[in-house]
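Biologist: I have the sequence and the model open side by side. Could you walk me through it while I ask things as they come up?

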Amino acid sequence: MVNQDGAAAPAVRVSKLGYVGFVTPDLDRLVEYYTQVLGFSLVDFSPQGAFVTTGTDHHCVVLTPGEAHARSVVGYEVFEDLADAQRRLSDLGYPVQRRTDIGPGTPDVLVLTEPETGVELHLMTSQDPSGAEGTAPLRPTKLGHVAAFTPDLAPTQAFYQDVLGFKWSDTVGDFFVFLRCNADHHAANFMASRKRTGMHHVAYEMRDPNHLITVLDHLAKHGYRLHWGPGRHGPGHNLFTYHKDPDGNTIELFTQIDQVVDEAKGYWEPRPWHETYPMGPRTWEVDIATVNQWGIVNEQELDH
Ligand SMILES: [Fe+2]
């Protein structure tokens, strides 16, 4: 396929981050963390796994027992017919299975492999509804983004943009790229590393700063302390905090992430904390203000 401007169209258009998987050595402990500490709703729970949600989607986190492994799977929603998507992906040389046995809430899924990392990716048009009702006071609004290490940034970025239809949002230095699939500044971000693999962090969105503070107080009551933040990132300008889940995975709770309200304009909806007006995709220098406008840097978060 070729766009009107002559550029090749992506094989699929991912429109939404659906879910992320964690394999955990203590399933009950991680289920308790998600439901009692973060306020997620438990939709399905068996010895084979637990499915928790922040809202209408059947699940946004899949917890399965085994040797600890974060970002074991990532599910995305796509905006097209799955048979067409499977054919286009196969034509580009990406083996794809169409499966009906993935698990509850996702009866029709394309399964493929993220090329540089080997992580299993699921593509679906939608999930079944979770049945979760009401507005829980603690529960995040959604799974916001998943950040991961990759051994080689360029091919990973190319796969996400040219094959999955993501758009470039920002890059820090030559090693950290932010990619979007809808109005949110990023749903996937990748840090190049020759020594680190796996997930960098997973991020859940809070309604606003007050909601974030409420949940931080709740975390503290349960013994979960921040190791970085609150602060405000440069790329995405999200107000961020980071803590560890019981397995040691890095969890970001954030709010106020940049929005691309009009893709044709190509810049983020202006905000008082932006560095320039208008403010759009750019390559950022590696300095304190890029990492945290408010001034404190956690070197560990940039170690790659
Ligand atoms: Fe993040």
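Biologist: Let's begin with helix α4, residues 209–221: what span should its 13 residues have, and how far apart are its end C-alpha atoms?

Modeller: At 1.5 Å a residue the 13 residues of α4 should span 18 Å, and the end C-alpha atoms are 18 Å apart, which agrees. The expected span is 1.5 Å times one less than the number of residues in the helix, and helices here are DSSP runs of H or I with at least four residues, strands being runs of E with at least two, both numbered from the N terminus. Before we go on, please keep in mind that this is a predicted model, in which local features need pLDDT of at least 70 and side-chain atom pairs count only at pLDDT 80 or more, while totals for chains, interfaces and linings use all residues. Residues are numbered from 1 along each chain as its sequence is written, and side-chain values use heavy atoms, with hydrogens and water left out.

Biologist: Fine. Which residues of α4 are buried?

Modeller: The buried ones in α4 are H211, L212, V215, L216, H218 and L219, where buried means under 20% relative accessible area, exposed means over 50%, and partly exposed is in between, computed with a 1.4 Å probe on protein chains only. Seen down the axis of α4, these buried residues fall within an arc of 160 degrees, so they line one face of the helix; the arc is that of the directions from the helix axis to the C-beta atoms.

Biologist: Why would a pattern like that come about in an α-helix?

Modeller: An α-helix has 3.6 residues a turn, so residues three or four places apart point the same way.

Biologist: And what covers that face, and what is on the other side?

Modeller: The cover over the buried residues of α4 includes α1 (27–37), β15 (239–244) and β16 (250–255), with contact taken as heavy atoms within 4.5 Å. On the other side of α4, N210 and K221 are exposed.

Biologist: What happens at the ends of α4?

Modeller: The N-terminal end of α4 is capped by D208, which has a side-chain oxygen 3.1 Å from the backbone nitrogen of N210. Just after α4, G223 takes a positive phi of about 85 degrees.

Biologist: Changing topic to the iron ion: which protein donors does it have?

Modeller: The iron ion has H145 (NE2), H201 (NE2) and E252 (OE) as protein donors, lying 2.0 to 2.1 Å from it. Donors are N, O and S atoms within 2.8 Å of the metal (3.2 Å for Na, K and Ca), and water is not among the atoms, so sites may look incomplete. Along the sequence these donor residues are spaced H-x55-H-x50-E. H145 lies in strand β9 (residues 142–150) and H201 in strand β13 (residues 199–205), so this pair ties together parts that are 56 residues apart in sequence.

Biologist: Are those two histidines buried or exposed?

Modeller: H145 counts as buried at 1% relative accessibility, and H201 counts as buried at 3%.

Biologist: How is the chain divided into domains?

Modeller: The domain assignment gives domain 1 (14–124) and domain 2 (142–302), with bounds that come from an automatic or database domain assignment. The C-alpha centres of domain 1 and domain 2 lie 21 Å apart, and 35 residues of domain 1 are in contact with 37 residues of domain 2.

Biologist: There's also H122. Where is it, and what does its side chain pair with?

Modeller: H122 is in strand β8 (residues 120–124) and counts as buried at 4% relative accessibility. Its side chain makes a polar contact of 2.7 Å with the side chain of E120; a polar contact is a pair of N or O atoms within 3.5 Å, where within protein one must be able to donate a hydrogen and the other to accept it, and residues adjacent in sequence count only if both atoms are side-chain atoms. Leaving out residues up to four places away in sequence, H122 touches several others, among them Y19, V73, Y76 and I102.

Biologist: What about phi at R71 and Q256?

Modeller: R71 has a positive phi of about 55 degrees although it is not a glycine, and this residue, in strand β5 (residues 69–78), counts as buried at 3% relative accessibility. Q256 has phi near 65 degrees, again positive in a residue other than glycine; Q256 is in the loop between β16 and β17 and counts as partly exposed at 29% relative accessibility. Most residues other than glycine have a negative phi, and most peptide bonds are trans.
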